[in-house]
Amino acid sequence: MKQILNHARIVLADRVIDNGALEIENGLIAAIHEQPQPAGENLAGALLLPGLVEIHTDNLEKHLMPRNGVLWPILPAVITHDAQCVAAGITTVLDALAVGDLEGESVRLDTLHSSFQAIDQGMREDALRADHLFHLRCELAYPKLMDELLPLIAHPAVKLVSVMDHTPGQRQYRDLEQYKKYYGKKKVDWNQDTFLAAVAERKAKQAEFAGRHKQAVVEMARARGIALASHDDTDEAHIAEALRDGVAISEFPTTREAAAAAKRHGLATVMGAPNVVRGGSHSGNVAALELARHDLLDILSSDYVPASLLHGAWLLHAQAGWSLPRAVAAVSLNPARAVGLSDRGDIAIGQRADLVAMTARGDVPLVRSVWKLGGRVF
């Protein structure tokens, strides 16, 4: 069945068609017209973008525990998370599931396998509107990491594995006061003594487990052809380490130095869209807009706010001086290619008809319609 989206400003990978039409057949883009066609759905001048590709979101967690101490049924939580992503223009979601947690008992640990199974079930039963894949976030200092990872990593929907180390005193938490401030909100019984004891315990676990766990995780990902990401790179030594491991993506570099080193060596750099929207990092690290203005940013991730992905891309265009195709590529083409997805991410003949129609009110983008494989999902 053929369908036409008409009178749209179509954002291609290298330019914008001011008033064109897109022809869709069997879920794929069949033709791109520079002029409006005699018939078709009138988009009235809306921007037409490729569907957004999100490679690192833990948004599901807030739906699993909508209030402290309240666990929500898992499949309904997944369905709600999916609806929120689609409403934000995201048509491909790599759900970032934490394999391990240095905080001990947590909703992440309690729901890891059940969340994985619920997402898989939702996709198999066509209960989800976006296309869901998996990003396994491996906490290297977590003692039981390998036990948790082994049942998951062989699934064909696993497209990204990241190696993380949230041990205080380095990477994201090299400033111990920032670490204390952030986690102190979650620990009602923390004082200086209990804080220092927790730091010492976590450093001991890092010394015991992180090195051998990283080697095992890297080998498993390489053997399966899964893209690898490093996390919270802080300096050139971290980038050198990532290169030795065969990493292709540097997620959330915390300094301009690390981002520059990643770019020099061909790694794709990912920053949080909330960092762009808020004007800075919640952890006191480098601002994403600063990296964008110095050509050190390739990909945005919505992280914990799905709506920030399109908003962040729009601000790259409005505030960082990026062209619209370049800003859109940071949330579509670049993340798709970074994790090996060649069938989506841009508006081109033969690509999946995953699309977003949007307008804007000043610096705020408004999602009007979303299509996955040519079918309207929002």
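In which helix is A87 found? In this predicted model, A87 belongs to helix α2, which covers residues 74–87. A87 is classed as partly exposed because its relative accessible area is 31%, and the partly exposed class lies between the limits of under 20% for buried and over 50% for exposed. When neighbours within four places in sequence are set aside, the contacts of A87 are V367 and F378. A separation of 8.7 Å was computed between the C-alpha atoms of A87 and P306, two residues that lie 219 residues apart along the chain.

Helix α11 spans residues 308–319 and is mostly covered, with 9 of its 12 residues buried. The buried positions of α11 are S308, L309, L310, H311, G312, A313, W314, L315 and L316. G321, which follows α11, has a positive phi, near 80°.

The largest nonpolar core contains 57 residues, of which I55, L136, L145, L149, L160, V161 and V217 touch the most other members. The greatest contribution to this core comes from helix α3 (residues 107–124), which supplies 6 residues.

Leaving out residues up to four places away in sequence, L145 touches V99, C138, E139, L140, H213 and V217.

Key: Residues are numbered from 1 along each chain as its sequence is written. This is a predicted model: local features need pLDDT of at least 70, side-chain atom pairs count only at pLDDT 80 or more; totals for chains, interfaces and linings use all residues. Side-chain values use heavy atoms; hydrogens and water are left out. A nonpolar core is a set of buried Ala, Val, Leu, Ile, Met, Phe, Trp, Tyr and Cys residues joined through side-chain atoms within 4.5 Å. Buried means under 20% relative accessible area, exposed over 50%, partly exposed in between (1.4 Å probe, protein chains only). Helices (H or I, at least four residues) and strands (E, at least two) are DSSP runs, numbered from the N terminus. Contact means heavy atoms within 4.5 Å.
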